[in-house]
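This report covers selected local features of one protein model.

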Amino acid sequence: MRNEIKEYEAVAKAAEKFVKSVSEGNSEYAKTLFTEDAVLFGMLDGVLEHGSINQFYNNVDTVGAGADFKARIDVLAVEETVAVVRVLEEKWGGRIDFTDFLLLLKLDGEWKCVAKAYNQNSNTIMQK
């Protein structure tokens, strides 16, 4: 059964916490979105990042988004208790473009993110 539009709006509002953290370089907003045991997977400058979401918090808190940072939230699917969100990011840290996929579950009536997987656009990978 397809959810009502208000549920898509609630998912988008939850994902805004992610974007706000990244854009302001402050993980506190994202910490209200992710569950404590949320996981992270992706390649950052050609190196696999995986494990605890705390790695994401550290990245956000140590690398400012930059003045040219832009983001877009797309709610791809909402199926009763699970949702998939794509966040497009441009110029994070002044140079990196990401496509993030957030997997959210509705827990106790609130949309919470349990996993983040991302792709760094190949033309923004810093060669070592």
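Leaving aside residues up to four places away in sequence, Cys-113 touches Leu-33, Phe-34, Thr-35, Ala-38, Leu-102, Leu-103 and Leu-104. The model is predicted, and the contacts listed here are those found in that model. Cys-113 belongs to strand 6. Its relative accessible area is 0%, and because buried means under 20%, Cys-113 is classed as buried. Between the C-alpha atoms of Cys-113 and Val-82 there are 9.7 Å, with 31 residues separating the two along the chain.

**Cavity**

Searching the whole structure gives one cavity of 30 Å³ or more. The largest cavity holds about 130 Å³ of space. Its lining consists of 14 residues, and those closest to the centre are Phe-56, Asn-59, Trp-92, Phe-98 and Lys-116. At least two lining residues come from each of helix 1 (5-24), strand 1 (34-44), helix 3 (54-62), strand 4 (82-92), strand 5 (96-107) and strand 6 (110-120). Helix 3 gives three residues, the largest share of the lining. Sorted by class, the lining of the largest cavity comprises nine nonpolar, one polar and four charged residues.

**Aromatic pairs**

A pair of aromatic rings is described by the distance of the centres and the angle of the planes. The model has seven aromatic pairs. Two of them are set out below with their values.

| Pair | Centre to centre | Angle between planes | Class |
|---|---|---|---|
| Phe-34 and Phe-56 | 5.7 Å | 50° | tilted |
| Phe-98 and Tyr-118 | 5.2 Å | 85° | edge-to-face |

Why is the pair of Phe-34 and Phe-56 tilted? Planes under 30 degrees apart count as stacked and those over 60 as edge-to-face, so the 50° between these two rings makes the pair tilted. Phe-34 is in strand 1 and Phe-56 is in helix 3, 22 residues apart, and the pair links distant parts of the chain. Both Phe-34 and Phe-56 are buried.

Phe-98 is buried, as is Tyr-118.

Phe-34 and Phe-56 are also members of a cluster, in which ring pairs link Phe-18, Phe-34, Phe-56 and Tyr-57.

**Charges over rings**

Tyr-57, one of the residues in that cluster, has Lys-31 over its face, 5.4 Å from the ring centre. For Tyr-29, the charged end of Lys-20 sits over the ring at 4.8 Å from its centre.

**Positive phi angles**

Lys-91 is a residue other than glycine, yet its phi is positive, near 65°.

Asp-108 is not a glycine either, and its phi is positive at about 50°. The loop between strand 5 and strand 6 contains Asp-108. At 86% relative accessibility Asp-108 is exposed, because exposed means over 50%.

Definitions and conventions:
Residues numbered from 1 in each chain as written. Predicted model: local features only at pLDDT ≥ 70, side-chain atom pairs only at ≥ 80, totals over all residues. Heavy atoms only, no water. 1 Å grid on protein atoms, 1.4 Å probe; cavity = no way out; pocket = protein on both sides within 12 Å on 5 of 7 lines; lining within 4 Å. Points joined across faces, edges and corners; volume = space filled by probe spheres on them. Helix = DSSP H or I, 4+ residues; strand = E, 2+ residues; numbered from the N terminus. Nonpolar A, V, L, I, M, F, W, Y, C, P; charged D, E, K, R; others polar. Phe/Tyr/Trp six-rings, centres within 6.5 Å; stacked < 30°, edge-to-face > 60°. Buried < 20%, exposed > 50% of the residue type's maximum accessible area, 1.4 Å probe, protein only. Lys NZ or Arg CZ within 6 Å of the ring centre and 35° of its normal. Contact = heavy atoms within 4.5 Å.
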